[in-house]
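Reader: Please go through this model with me, one question at a time.

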Amino acid sequence: MITFSLSLVALVLGYFLYGRFVERVFGPDDRPTPAVAKADGVDFMVLPGWKIFMIQFLNIAGTGPIFGAIMGAQFGPAAYLWIVLGCIFAGATHDYLSGMLSVRHGGINQPEIIGRYLGKSTKQVMLVFAVFLLMMVGAVFVFSPATLLQGLCAEHVPSVSLLGDSTFWIIVIFAYYLIATMMPIDKIIGKVYPLFAFSLLFMAVALLVMLFVKQPDIPEVWEGLPGAALTADAVFPCLFITIACGAISGFHATQSPLMARCMKSERQGRPIFYGAMITEGIVALIWATVAMYFFYDQPTPGYETMEGGKDIINRAPSIVSMICDNWLGLFGSILAILGVVAAPITSGDTALRSCRLIIADFIHLEQRTIRKRLYVCVPLFAAVIALLIWQISDAGGFKTIWSWFGWSNQTLSVFMLWAITVYLVQQKKPYIITLIPALFMTVVCTTYLFSVQVFKLEGSATAAIAVAALIISSLWFICWHKKYQHH
């Protein structure tokens, strides 16, 4: 628990110290924001700062900092190092600067930002990449909350068989997705999200209190990193893909423009973008520690279900339900589960909302009228439903989508980090703050793709791919930087 406590303190200090430094690097000012200059009553409108923070936090949270942290706990205390260092120096920095670039450029979406700084060809690739990722988010974030709701109702309302049917909940969630994606942002998202965000935060705080009460005997960082792992997967690169949303996530940059279009002042950026990511890191830290309690301290009941992290990826929803019910009692369990259910649902609907806006911007289709919104939504939802049907029909579908989602998610962050680095170079600002994360994540994603997803390589072959990726990406940047300076 000492490592956990120090990690918690480090995340808070990271917000106040490094977060302020990153804010000064960008330099927010008093120019009119998109919410003021381009108000349209649908996507561009001023919302209160506290409400934007709650929406941003819920948008980026999803199941990532919960399920990802549970799966990442198999790697032992190495998970703590990645969550803390990744969140402060990579994830929160990525979220703040990508969000502020959207604010500074009129609320443009992620592919537009990438295209502006990495070129039109890269923009086209990222457009397809972002749309596909957001569709996967929509599919993944239907399955997990539907499973949780099915289990919760089957246990507490067994007399109503319909509520214990996952298909019923999938239909309900999709119906909500369609409505929320179509409606102006203040009608549903602006009113309901703060309540759901409170539920998620309540759950995290309740589990935090229980952790300090129980004081579990879990491995500390100084007791050794690789030896404490309960999985055969290599810490590098698998840990850095498994725990994404709690450390760094490219998905966040697709969500930030939604809130960039609602900010009254650029000076709200640090608490909204950097602060929401730090909060998500704290949630991931708590869930990783809770999972380690069950992995290492062998409490009963619980450990038999999760011994050694076997098949953990397919059991994460039931594990969440079991932990909350065991620790928090019926009332606390219901509130906690609602928070965990709300997180993926709300991330799913804003993912599809972002997808609608990205597609609409690309085909230059205005979104003021409902009819024009339907032109984009109908084919978009049809594609997501097809993806979901395949996921359900294939026994390993969820695992397959999650693994590709994890890689795609982190790869998206790579392109965003490089775009921000180019921006900082052009503005003659200390670009090292994003260059190092960009190089690191480039190596992680390249190594994971070739060594894990495609060729199943291990040992020296994996190391060779990592070194090659580092050298090639470094040389690319050095050559570009010299060329840029000569212009």
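Reader: In which helix is the place of proline 237?

Author: The model is predicted, so local features need pLDDT of at least 70 and side-chain atom pairs pLDDT 80 or more, while totals for chains, interfaces and linings use all residues. Residues are numbered from 1 along each chain as its sequence is written, and side-chain values use heavy atoms, without hydrogens and water. Helices are DSSP runs of H or I with at least four residues, numbered from the N terminus. On that count, proline 237 belongs to helix α11 (residues 235–242).

Reader: What kind of peptide bond joins phenylalanine 236 and proline 237?

Author: Omega is about 10° at the bond between phenylalanine 236 and proline 237. The bond is cis.

Reader: How is α11 oriented to α18?

Author: The two axes, lines fitted to C-alpha atoms over the stretch in contact, come within 9 Å and cross at roughly 110°. Angles run from 0 to 180 degrees between N-to-C directions; under 35 degrees counts as roughly parallel, over 145 as roughly antiparallel, 65 to 115 as roughly perpendicular and the rest as oblique. α11 is therefore roughly perpendicular to α18.

Reader: Which residues of α11 make the contact with α18?

Author: Contact means heavy atoms within 4.5 Å. From α18 the partners include Phe440, Tyr448 and Val452. From α11 they are Phe236, Pro237, Cys238, Phe240 and Ile241.

Reader: How do the residues of this contact of α11 with α18 divide by class?

Author: Ala, Val, Leu, Ile, Met, Phe, Trp, Tyr, Cys and Pro count as nonpolar, Asp, Glu, Lys and Arg as charged, and the others, Gly among them, as polar. The contact of α11 with α18 has 10 nonpolar, 2 polar and no charged residues.

Reader: Are α8 and α9 parallel or oblique to each other?

Author: The axes of α8 (residues 120–156) and α9 (residues 166–182) come within 8 Å. They cross at roughly 130°. α8 and α9 are therefore oblique.

Reader: How many nonpolar residues has the contact of α8 with α9?

Author: Among the residues that meet are Phe141 and Leu149 in α8 and Trp169 and Phe174 in α9. By class, the contact holds no charged residues and 3 polar ones. The nonpolar residues number 11.

Reader: Where is glutamine 215 placed?

Author: Glutamine 215 is not a glycine, yet its phi is positive, near 45°. Its place is in the loop between α10 (189–214) and α11.

Conventions:
Helices (H or I, at least four residues) and strands (E, at least two) are DSSP runs, numbered from the N terminus.
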